[in-house]
Every structure is written in C-alpha cells, then in structure tokens.
Amino acid sequence: MTLDTVAYPEEFQSLKPQRIQPLAAIRAFRKLIRDKEDTAQVFEIMKALSGRSQARGYGRMLRTMEGGRQAFLRDELAHKLDDPVWLGRFPQGTVGAAYRGFRERMGFTADGLAAVEREVVPFIDAPHPIVWYSRRLRDVHDIWHVLTGYDTDALGEACVVSFSYGQTQNLGFAFIGYGAAREVQRENPSIPARRAVLQAWRNGRAARWLPGLDYEALFAEDLQAARERLGIRPATVYAAIPEPVRRAVALRG
C-alpha cells in the first residue's frame, strides 16, 4: 500500500476508472427531464457512464505534439473564459468574438458550470492530470456550441453532446444525446431529432480531435476558416428546423 493510499484513501480510490452504472444514469436522466435546468444531473450521468474514457482521452492528448504541449502547460480554460479583458482581445469574425457573443447572449460563465460539477464530483479541482482533462472537456462544451453551430435549445444540447460522443467515446454523452432526442421527438414528432443527433455524432467522428487544441490560438482564427480547418461539417438537419419550433420544445417530462 502506498503512502498516497494511506493519506487519501477515498480520493485515491475515486481516481480509478469507475464501473459503468446504467441504473444511476437512468435515475439522473429522469430527474433531468423533469427539470432541464438541473445541470447537476448531467454530471451525475457523466459520472455513472464515463468509465475509462477520461484516462483514454488524456492518453490520446499525450500521443500528439500539440495535445502533449497542452497537457504539459495544463492551463485552466475556465480562468481565461471568465476573464472579460482576455475575451475582449478577439476581433469580430473570430472564434473568440463568437464565443464572447454567445456568453453575453446566454449569460453563462465557466465558473458557474464548474460550481455545479463540484456538487457532484468534489475532487474535480484536484491537481491530477486526468482530472484536469475532465475539467477541460467541461470547459470546452460552450466553445463546441459555437464551433458546431448548435444552439442551447433541448435539441441543440442533445446534438452537442452527440458530437462530443463522436469526439471522446464517452458513453455519458451518447446516453444524454440519444435520450434527449427521443424525448424531443416524443413531444413533437415532426422534429427529426434522431436524425439530427445521428448527424452530430457522425460530424464529431469526422472532425479533427478537438480536446487537444490550443484554444487561445483557435480563438484568434476566423470562425468559418476554423470550422473548415478542423473538418467540422455543417449541421444541416438541425439548421433546417425553424428556431421557433426548436425553442417550443419544453421537455417537461
């Protein structure tokens, strides 16, 4: 037994790859459908279904030059994303400006999302490389909204997490994406929700691997040029659904 095991028994054990817990995920999803603002349930689902995906994702970072550099630097994206001076550096038309506009429109903060995750995963701020990678996936979620063109309506969220599944192979993303699409289509059968999330998953698989990017450099790029460089295909199925129709879906369970 190592000194770390003796000194921090609970924390040491919790960093091991967790067993998949589908029943816990189902319970959390039911709560989320009843109250789609209960973001803590998203993290409960991710905790129940992430398995070894976080460790594998971090290992993938180390196998690329840029990903390895980012892992070595271990920047905390949330600190930059909540800094208005830093965000104000990026001119109109860039990824950074689009993200800035997204935040202003939605009123989101990176630290607000982090605070919710701390309720579910108390060790999420631990100075551990795989936990850092987990924080990184959390913090890029809204950036991926901007890059993919999916909005924050119920179907847009389902599509972003389906895209994320294509990128990370984390079963939590797949579960949320498919489950939300099913509920959207149940509420409004005219919406091609399943086709939209299937396209999002395929787009995530086809795109370059995004977790290992230099996001500061990315923010300075022209948005459309960045999408083309990264191989992010247009979300044609989602975009064809009129915004008022998408926004009318309440998912009240």
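Mentor: A cavity is a set of points on a 1 Å grid, laid over the protein atoms alone, where a 1.4 Å probe fits but cannot get out; its lining residues have an atom within 4 Å of a point. This is a predicted model, in which local features need pLDDT of at least 70 and side-chain atom pairs count only at pLDDT 80 or more, while totals for chains, interfaces and linings use all residues. Residues are numbered from 1 along each chain as its sequence is written, and side-chain values use heavy atoms, with hydrogens and water left out.

Trainee: What makes Tyr99 a residue that lines the largest cavity?

Mentor: Tyr99 is in the lining, together with Leu81, Arg103, Phe108, Thr109, Ala110, Leu113, Arg138, Asp139, His141 and Asp142, so by the definition each has an atom within 4 Å of a cavity point.

Trainee: Why is H11 called largely enclosed?

Mentor: Nine of the 11 residues of H11 (residues 129-139) are buried, so the rest of the structure largely encloses this helix. Buried means under 20% relative accessible area, computed with a 1.4 Å probe on protein chains only. Among the buried residues of H11 are Trp132, Tyr133, Arg138 and Asp139.

Trainee: What makes tyrosine 99 and phenylalanine 219 a tilted pair?

Mentor: Rings of Phe, Tyr and Trp (its six-membered ring) pair if their centres lie within 6.5 Å; planes under 30 degrees apart are stacked, over 60 edge-to-face, and the rest tilted. Tyrosine 99 and phenylalanine 219 are 5.5 Å apart centre to centre, with 45° between the planes, and therefore count as tilted. They link helix H9 (residues 95-106) to helix H16 (residues 215-219), 120 residues apart. Tyrosine 99 counts as buried because its relative accessibility is 2%, and phenylalanine 219 because its value is 1%.

Trainee: Why is the pair of tryptophan 144 and phenylalanine 163 called edge-to-face?

Mentor: The angle between the planes is 75°, at a centre distance of 6.0 Å, so the pair falls in the edge-to-face class. Tryptophan 144 is in H12 (residues 141-148) and phenylalanine 163 in H13, 19 residues apart. Tryptophan 144, at 3% relative accessibility, counts as buried.

Trainee: Which residues have the most contacts inside the largest nonpolar core?

Mentor: They are Ile143, Trp144, Leu147, Leu155, Leu210, Tyr215 and Phe219, in a core of 66 residues. H13 gives the largest share, eight residues. Such a core is a set of buried Ala, Val, Leu, Ile, Met, Phe, Trp, Tyr and Cys residues joined through side-chain atoms within 4.5 Å.

Trainee: How do you know that asparagine 170 is buried?

Mentor: Its relative accessibility is 1%, so asparagine 170 counts as buried. Asparagine 170 lies in the loop between H13 (154-168) and H14 (171-187). A polar atom of its side chain is 2.9 Å from the backbone nitrogen of glycine 172.

Conventions: Helix = DSSP H or I, 4+ residues; strand = E, 2+ residues; numbered from the N terminus. Buried < 20%, exposed > 50% of the residue type's maximum accessible area, 1.4 Å probe, protein only. Polar contact = N/O pair within 3.5 Å; in protein donor to acceptor, adjacent residues only side chain to side chain. 1 Å grid on protein atoms, 1.4 Å probe; cavity = no way out; pocket = protein on both sides within 12 Å on 5 of 7 lines; lining within 4 Å.
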